[in-house]
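Open the model in your viewer and keep the sequence panel beside it. The stops below say what to select and what is there.

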Amino acid sequence: MSAREVVVFLGPTLPVATAKRTLKATYLPPARQGDVFRVLPDRPRVIVLIDGVFEAVPSVWHHELRAALASGVHVIGASSMGALRAAGLHQEGMLPVGRIAGDYVSGARVDDADVVLLHGDSDSQYQALTVPLVNVEATVA
């Protein structure tokens with residue numbers, strides 16, 4: 001697959017430079033409302049939602065992820081906002097990936113706040129400013 005065929009919404013979870021060593025893709029900032037609609041005209045084969053915005057601006061809609069699925073795009077969610085959206089849409093075809101997404105799908109985890117973290121803007125490369133509860137729990141364990 002070419003980089004244009006895979007779109008990844010990524011921010012504080014993993015540096016883009018690190019991700020690029022693993023996956024050839026188009027990397028975009030954490031998703032916000034309307035971002036998935038904006039990439040659909042480019043006809044990606046896969047959209048990977050990892051990071052998204054919380055609170056400061058409207059978050060990525062379930063509706064736009066459903067539209068991507070309906071248009072034949074494979075939509076994968078993991079880690080943060082991706083885990084939340086995948087848990088809500090896995091029965092409609094969104095693929096949850098990873099322990100955190102699995103915890104939300106199974107009901108072992110139910111609070112959105114478990115994955116929320118504040119982060120900087122693009123100038124800071126979306127540097128994390130807080131630590132999400134899931135990271136604290138993993139460190140303590």
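**First stop: a loop with a positive phi**

Select Ser79, which sits in the loop between S4 and H4. Helices (H or I, at least four residues) and strands (E, at least two) are DSSP runs, numbered from the N terminus. Phi of Ser79 is near 75 degrees, a positive value in a residue other than glycine.

Before moving on, note the ground rules. This is a predicted model, where local features need pLDDT of at least 70, side-chain atom pairs count only at pLDDT 80 or more, and totals for chains, interfaces and linings use all residues. Residues are numbered from 1 along each chain as its sequence is written, and side-chain values use heavy atoms, with hydrogens and water left out.

**Zoom out: the whole chain**

Switch to cartoon. The protein has six helices and five strands. Along the sequence they follow the pattern β-α-β-α-β-α-β-α-β-α-α. The radius of gyration is 14 Å, close to the 14 Å that the globule rule gives for 141 residues, so the protein is as compact as a globular protein of that length. That radius is taken over C-alpha atoms; the rule is 2.2 Å times the number of residues to the power 0.38. Along the principal axes, the C-alpha atoms fill a box of roughly 40 × 35 × 30 Å.

Colour by burial next. Buried residues make up 42% of the 141 residues. Buried means under 20% relative accessible area, exposed over 50%, and partly exposed in between (1.4 Å probe, protein chains only).

**Into the core**

Select Phe9, Val36, Ile47, Leu49, Leu65 and Met94. Of the 27 residues in the largest nonpolar core, these touch the most other members. A nonpolar core is a set of buried Ala, Val, Leu, Ile, Met, Phe, Trp, Tyr and Cys residues joined through side-chain atoms within 4.5 Å. Strand S1 (6-9), helix H2 (35-39), strand S3 (46-49), helix H3 (62-70), helix H4 (81-89) and helix H5 (99-106) each supply at least two residues of this core. Which helix gives the largest share of this core? H4 does, with six residues. Apart from this core lies another, of nine residues, among them Val6, Leu10, Val46 and Ile50.

Go to Asp35, in helix H2. Buried or exposed? At 14% relative accessibility, Asp35 counts as buried. Leaving aside neighbours within four places in sequence, Asp35 is in contact (heavy atoms within 4.5 Å) with Phe9, Pro30 and Glu64.

**Last stop: the loop between H5 and H6**

Select Ala113, in the loop between H5 and helix H6 (133-140). At 47% relative accessibility, Ala113 counts as partly exposed. Its C-alpha atom and that of Ser80, 33 residues apart along the chain, are separated by 9.9 Å.

Finish at Gln125, also in the loop between H5 and H6. Phi of Gln125 is near 60 degrees, a positive value in a residue other than glycine. Gln125 is exposed, with a relative accessible area of 67%.
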